[in-house]
Amino acid sequence: MKLEDAKILIGDDSILARKQLKDVLTTFGGKHFFEAANGQEAIEKFKAEKPDIVFLDIVMPQKDGISAVSEICRIDPDAYIIIVSSVGTQTQLRNAIEVGARDFIQKPLNTDQIKSILSVKFEGR
C-alpha cells in the first residue's frame, strides 16, 4: 500500500497540532484524513473508518492517548499507532508501547522522523 491510498487518523485535542501533522503528511503524499479531538472520538473514528495508520497525542480530554491505544489495539491488534506528544515521560512512552503503539514522535514535529516512520509502514524499510 502507498501513503497516497492510506486512510490516516490524527487524534489530538489541538486543532493546530492536527493541522501541522496533516500538512507534513500531505507533503509525503497523504490524502485521506480523519481527525479526532479526544481519545474517545479517536476510538469511534477508528471503528468507523478502519484507518491504516493512526497518530495520537497522549494528553487529551475524555480519554487519554494511552487508553485510546489500548482500546484500539483490542479492536484491532494489528493497528499501526504512532504517539505524537510534547509531554511524554519515559513511563508514558513505555506504557504506550506496551499497550500497542509502534513508535513515538516528539513535538515539535521533525519531518525526517515522520518520513522514517512512514517509510517503515508504507515501503517496508
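How far apart are the axes of α2 and α3, and at what angle do they cross? In this predicted model, the two axes come within 9 Å and cross at roughly 20 degrees. Angles under 35 degrees count as roughly parallel, so α2 is roughly parallel to α3. Here's a quick tour of that helix pair and the nonpolar cores.

**The α2–α3 pair**
- If you look at handedness, the crossing of α2 and α3 is right-handed.
- On the α2 side, the residues that meet α3 are Gly39, Ala42, Ile43, Phe46 and Lys47.
- Their partners in α3 are Ala68, Glu71, Ile72 and Ile75.
- Sorted by class, this contact has six nonpolar residues, one polar residue and two charged ones.

**The largest nonpolar core**
- This core has 22 residues, and the ones touching the most other members are Leu9, Leu56, Val69, Ile72, Ile81 and Ile83.
- The largest share comes from α3, with five residues.

**Ile72 up close**
- Leaving aside residues up to four places away in sequence, Ile72 touches Ala42, Ile43, Phe46, Leu56, Ala79 and Ile81.
- Ile72 also turns up in the helix pair, as one of the α3 residues that meet α2.

Key
Residues numbered from 1 in each chain as written. Predicted model: local features only at pLDDT ≥ 70, side-chain atom pairs only at ≥ 80, totals over all residues. Heavy atoms only, no water. Core = buried A, V, L, I, M, F, W, Y, C linked by side-chain atoms within 4.5 Å. Buried < 20%, exposed > 50% of the residue type's maximum accessible area, 1.4 Å probe, protein only. Helix = DSSP H or I, 4+ residues; strand = E, 2+ residues; numbered from the N terminus. Contact = heavy atoms within 4.5 Å. Axes fitted to C-alpha atoms, helices over the stretch in contact; angles between N-to-C directions. Parallel < 35°, antiparallel > 145°, perpendicular 65-115°, else oblique. Left-handed = near helix turned anticlockwise from the far one by under 90°. Nonpolar A, V, L, I, M, F, W, Y, C, P; charged D, E, K, R; others polar.
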